[in-house]
Amino acid sequence: MDVRNEMLSLIRGRREGFSLPQPFYLDEAFHKLDMELIWYRDWLFAGHDCEIAKPGSFFTIQVGDYPVVVVRGRDGVIRAFHNSCRHRGSRVCNTERGTSARLVCPYHQWTYDLDGSLVFARQMADSFDKADFSLKPVACESVAGYIFICVAERPADFAPFRTLMEPYFAPHNLTGAKVAYESTIIEKGNWKLVWENNRECYHCAANHPELCKTFPEAPNVTGVNGADSDPEMQAHWAKCEAVGLPSRFRIDGEGQYRATRAPLLRDAVSYTTTGKRAVRKNLSEKVAADRIGALMLYHYPTTWNHVLVDHAVTFRVLPISATETAVTTKWLVHGDAVEGVDYDLKDLIHVWTETNDEDRRIVEENAFGIKSPAYEPGPYSELHEGGVIQFVDWYTRFMETRLVEGEKPAL
Ligand code: 3BY
Ligand code: FES
Ligand code: FE
């Protein structure tokens, strides 16, 4: 049986409400299908507008086999390109980030303008037309300070996500923020294990002593069920919406992204060990109220986020192989906030640095155990792991649809 049929039959034969069969977490051929059908086709969170605030500033990102560069043009527009030179294919930008008036390939110095057009190629034949060799564009959208890219030739419509997400995030001024700190950790586990772990707080009390001081472990905060009927959530939404902050739980029809705002525990306003703010200056001038809790967004397959009154923590997931995943965390503060004056960096990053490391260990232990020939899919807790059930349902439905599409003869 070829790998597509094997995956399809495992999806169709799987027990709902149970974790996935072993190959979904371990097998390189299955992973290649994940890359092809999800990662190379869908919108992915790449980074923030404020990271490339000036014309000519760029960052690079590796999506499976695709190196991509995201750059701000002289016109202020953010664009993305395949980071593969149109001469003989070398990577044009080989640093994580930088600023440059033009993008110059280090191999033979073919030189591209910030809009991707080739402006200089030394001593080529007379018949050579530079216009034929621009950098290939990658679809790129910026919304409320978040840059999303899609390497597919015909990307899905981005507008529905923008419509849902923008009103929630725009008041928080992430375009005017700065990244106070970023970290990338490699978790030795499949990207779906990283997500499964993220979508529940069943593990929180026993594993996250720092986060649990401020973050509620209630399943309707992390998951997707029950928030609407929870009077505490409703009261919180009403309070925040009264000061102009959209807050109620919203999810798209496919279940690929949701936004909601949740209160933190007791009097907490931020993710610190005391619950007190980590940054003196608010993230946004437009948000004055302190007790707004956390605005949470997830968007499969790349990102989950928490926006607080004083800072935001954003996460980006990128698979490296079937059994390794890079998780990049960024702490954003007001663009004018000064380290040592407005915030102490150690305090700011402490809780999520610990939490990430705890989650890394959890994911790695999970992956370790799944490798056992004795592993078989186990039941999720409906009460506590509704978010995980939702993620796995989204993933299997998404893959099934695309595997079936692939079976149809091309027109
Ligand atoms: O970041 C999150 O949203 C999840 C939710 C619960 C715990 N965890 C860290
Ligand atoms: Fe880029 Fe030759 S490969 S200039
Ligand atoms: Fe966790």
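Is Arg266 buried or exposed, going by the other C-beta atoms within 10 Å? Let's find out in the views below.

**View 1. Arg266 sits in the loop between β13 and β14.** Arg266 is exposed, with 9 other C-beta atoms within 10 Å. (A residue is buried if 20 or more other C-beta atoms lie within 10 Å of its own, exposed if 12 or fewer, and partly exposed in between, with C-beta atoms placed from the backbone.) Its phi is positive, about 45°, although Arg266 is not a glycine. This is a predicted model, in which local features need pLDDT of at least 70, side-chain atom pairs count only at pLDDT 80 or more, and totals for chains, interfaces and linings use all residues. Residues are numbered from 1 along each chain as its sequence is written, while chains are lettered from A and ligands numbered from 1 in the order in which they are written.

**View 2. Gln109 lies in the loop between β6 (103-104) and β7 (111-112).** Although Gln109 is not a glycine, it has a positive phi of about 65°. Gln109 counts as exposed because it has 11 C-beta neighbours inside 10 Å.

**View 3. Seven strands form an open sheet with antiparallel pairing.** Their order is β11-β17-β16-β15-β14-β13-β12. At the edges stand β11 (177-187) and β12 (250-251), each with a single partner strand, so one side of each has no neighbour in the sheet. (Strands are DSSP runs of E with at least two residues, helices are runs of H or I with at least four, and both are numbered from the N terminus; two strands pair if DSSP finds at least two bridges between them.)

**View 4. Strand β16 (residues 312-321) is largely enclosed by the rest of the structure, because seven of its ten residues are buried.** Five bridges join β16 to the antiparallel strand β15 (residues 303-307), and a hairpin of four residues connects the two. Look for Trp304, whose bridge partner in β16 is Phe315, and for Asn305, which is partnered by Thr314. Towards β17 (residues 324-334), also antiparallel, β16 makes nine bridges. There Phe315 stands opposite Thr329, and the hairpin has two residues.

**View 5. A cis peptide bond joins Tyr300 and Pro301.** Its omega is about 5°. Pro301 is found in the loop between β14 and β15.

**View 6. Ligand 1 is surrounded by residues including Trp304 and Thr355.** Asn198, Cys201, Cys204, Thr222 and Met296 also belong to this shell. (A residue is near a molecule if its C-beta atom, placed from the backbone, lies within 6 Å of it.)
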